[in-house]
Amino acid sequence: MNIQVKRQGIDTVELPLNESTFTKKVMGEHNLAFSIVSVTKLDLRIGDTLTYKGELLTINQEPSLKRNHLYQYDVIFEGHRHTLSRFILKDEGAFTFTYTGKPNDFMFMFLDCVNGVDPGWTAGEVEDLEDVTIDFDKNDCLSALSMIAQAFDAEWDIKGKVISLKKTVGVAKDFPVSYGMGNGLYSLTRQSINDKVIVTRAYAVGGDKNLPEGVIGNLKLNDYIEKNVDLYGIREGIFEDEEIYPHRTGTATAVSQSNAELFTLTDTSLDFDLNGQLISGESGKIVFKSGSLNGNEFDISSYNHATKTIRYKANKDSNGNFFPFGVTVAEIGDKYTLVGIRMPQSDIDSAYAELTAGRLKYLNDNSAPRVVYDLELDLLELKRRETLPDAGDIIPVSDSELGIGENIRVTSVSYPGHYPDVLESGMTFTAEVGNEVTYTLIQKIQNDVKEQKEVVTQYSKTSWENDRRNVQALNEFIGKVLDPDGNLAEPIQQAIVGMFGTPSMYYDLDGISMAVNNGGDPNAFAMTGGRLIHRVFKIDGLGYIWNLSPFSVTGLDPLKSYYLAAKCSKTSLTGEWVLTENQIPTEGDVAYWYFNFGILSSVLEGVRSFRSTKGFTVISGGQIETDVITAYMINVQRLFAQQIIATDLFVTGSSRLAGFTVDGQGIRNENGEGFIVSKTGRSGGENSVTIGSKLINGDPGSGIGESYTSMVINNTTNLTNQINIGIDIVTSPSTIASDAIRATYGDIRLMNGAIIMGNQRGFTGEKNGVNYVGGICVD
């Protein structure tokens, strides 16, 4: 049984369907793959098409060919969904943009872009869901479609050129299967999804904005819920969503501009008075969630509850320019929220309800091992029942011995291309079932293992003129660059974007350390065991996190350098390190991937060094995205920067920051003032810890202990566990009010602006000429 291949509508060759396999996955592959042996050369090219089961499939990659006395071809025809990966998503010509709306809004924008380069795409079933905001950055259209589905917690499906977007694709089918003759199931294989953890006790933490009275830090639920503790013990986890906090999303019913610095927004549905609701220590802000100002926030200057009008101030940069400006202003219909405002109880209740619902879903999704099942279905039984499960369908699967008995999603199907028209011995129909669906971002190689949110900061430049001078000097430098050795055709390379690295090298290592010159021996090398987390490669149904075993070697040749790679199985999430003289290609073994890590040098001046080649670097405009930058000195000022933003900043040695000396003893200015951390003996009170700018603390009995703007924790003979915080504290266990000090341990005493804590509770009366009320004295 053959199928006709066409090129621009004209018949070319016919291919045997019995040499093909059809595969379809939810939001993933859709192809017909051929493995053909021919005595003659076949005319197959990129762009050739065929029609299979009513859908047009296209060759998007050059067919593989091996020639001996025969021609062996591997060629894949892919569905229309794969065509989308050839186009970049654009909105009004922009490759990088933020978009807010409902599914229909996104679909309109998406189709407008795609039909501009490949006409004929239309929308199918699109569910009405709440607004979301997505940041797009040079994404191909197939990856962008998955981003849209993931943002709405939905799924997409494509049939022909019709795109549907809804909570769940596929339908429930009355096709129960179980193991045994006549039950539709030949075999069942269970596979664990190793990158998922089990959680049986769940907590919940929300955002840190608009917190109710008395709540500090983040919105959170003070209790926990449990599930399956009897089966798996206590395994704690936290549901986190910083977007859950008391808020309301309003819509502008009127907007105006008073002058260059002041704007107004009216919302007739605003149901509470903002006046008097400002949270102490914060400034009230209006944050736009759609329109030209989407993502921008502005300080609120006043609010008129009678007209329900918010007056807000424009942002001003160091050059005196205001924003909003010109046509980039708020419009009627724009959505917004408020932060820094104490919200009504109804919004607080809604936030807690949303956090409670999120925690419950999180627990339900994680309270049992995540598994998928590979089913080998009985083709004869499928034909007898006149049904064919499709990716996305839900079917009943049961096995009493394995404890399975539930309706499970079919996430992928694979079967011979000529089925069901032809039924032959040895045919197999395999289906992967499980309630896990992966949002596959095919071209998004920069997608991290843990989701990260990019924070865009508007920098205030201290000197625009200085930056202009630097650029002019840079242009002069470029004009003077030469190659003094005469070996380079082009001593300067100029491009829009530079990208370094290959997809196989995009991975992270967890818990792995390297020992070059192990034990002081330059010919010994070792790697600890741990995990390799790949950003591109994965084993379908298993995951993308390989467990690597420890590795060590001795007796290396001092004159040779070596390649280091992680040898990872293609069928199980296990691997090992290999050190070889010859580099092994990623696909150098049919059973393993070789993920190159780097190069171990030969012995140079008695030692070896290692240089990593894993990871990637993207240079685009004024941005560099990479893993590690190593330098003897980084001159931030010459990089035109006025800010350094870091999650973890490690300062070693004796360093200086903005005029302060930083070392293991603390942070001090040139006068020795600042935060000093020390642990001393009796000269500062035994086992005392001092944090402050200046400390003079005499030996117990000497009569002097003095602290300026400091905290002193003493564990001395007479001042046991005393904490002094204040401007000026004078304590003398032997001569000055020693009885009073001993009598007030545990209490709070205000003395010259200082606080002394002791250990006597609730004393009221006079002692040593000092009046106490409830253990508190004022002196």
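Visitor: What should I know about the model and its numbering?

Guide: The model is predicted: local features need pLDDT of at least 70, side-chain atom pairs count only at pLDDT 80 or more, and totals for chains, interfaces and linings use all residues. Residues are numbered from 1 along each chain as its sequence is written, and side-chain values use heavy atoms, with hydrogens and water left out.

Visitor: At what angle do the axes of helix α2 and helix α3 cross?

Guide: First the terms. Helices (H or I, at least four residues) and strands (E, at least two) are DSSP runs, numbered from the N terminus. Axes are lines fitted to C-alpha atoms, for helices over the stretch in contact, and angles run from 0 to 180 degrees between N-to-C directions. Now the case. Helix α2 (residues 103-114) and helix α3 (residues 141-151) have axes that come within 12 Å and cross at roughly 175 degrees. That makes α2 roughly antiparallel to α3. The label follows the angle: under 35 degrees is roughly parallel, over 145 roughly antiparallel, 65 to 115 roughly perpendicular, and the rest oblique.

Visitor: Which residues make the contact?

Guide: Contact means heavy atoms within 4.5 Å. From α2 come Phe-106, Phe-110, Cys-113 and Val-114; from α3 come Cys-141, Leu-145 and Ile-148. By class, the residues of this contact are seven nonpolar, no polar and no charged. Here Ala, Val, Leu, Ile, Met, Phe, Trp, Tyr, Cys and Pro count as nonpolar, Asp, Glu, Lys and Arg as charged, and the others, Gly among them, as polar.

Visitor: In what order do the strands of the sheet with β10 stand?

Guide: Two strands pair if DSSP finds at least two bridges between them. This open sheet has three strands, in the order β10-β13-β12, with mixed pairing. β10 (122-126) and β12 (155-159) stand at the edges with a single partner strand each, so one side of each has no neighbour in the sheet. The twist averages 25 degrees from one strand to the next. β10 and strand β13 (residues 162-166) run parallel, joined by three bridges. Ala-123 has Ile-163 in β13 as its bridge partner.

Visitor: Where do the two helices lie on these strands?

Guide: α2 lies across β10 and β13, at about 165 degrees to β10. α3 packs on the sheet and touches β12 and β13; its direction makes about 135 degrees with that of β12.

Visitor: Which strands pair with β16, and are they parallel or antiparallel to it?

Guide: Strand β16 (residues 201-205) runs antiparallel to strand β17 (residues 220-226), with four bridges. In that pair, Ala-202 has Ile-225 as its partner. β16 runs parallel to strand β18 (residues 236-240), with five bridges. There Ala-204 stands opposite Phe-239.

Visitor: How is the sheet with β34 built?

Guide: Three strands form an open antiparallel sheet, in the order β34-β35-β38. Neighbouring strands are turned by 5 degrees against each other on average, direction ignored. β34 pairs with strand β35 (residues 525-527) over three bridges. Met-514 stands opposite Met-527 in β35.

Visitor: What lines the second largest pocket?

Guide: On a 1 Å grid over the protein atoms alone, a pocket is an open set of points where a 1.4 Å probe fits, with protein on both sides within 12 Å along at least five of seven lines; lining residues have an atom within 4 Å of a point. The second largest pocket holds about 450 Å³, where volume is the space filled by probe spheres set on the points, and points are joined across faces, edges and corners. Its lining has 13 residues, with Ser-612, Thr-613, Lys-614, Asp-627 and Val-628 nearest the centre. Strand β42 (residues 610-612) gives the most, three residues. By class, the lining has four nonpolar, five polar and four charged residues.
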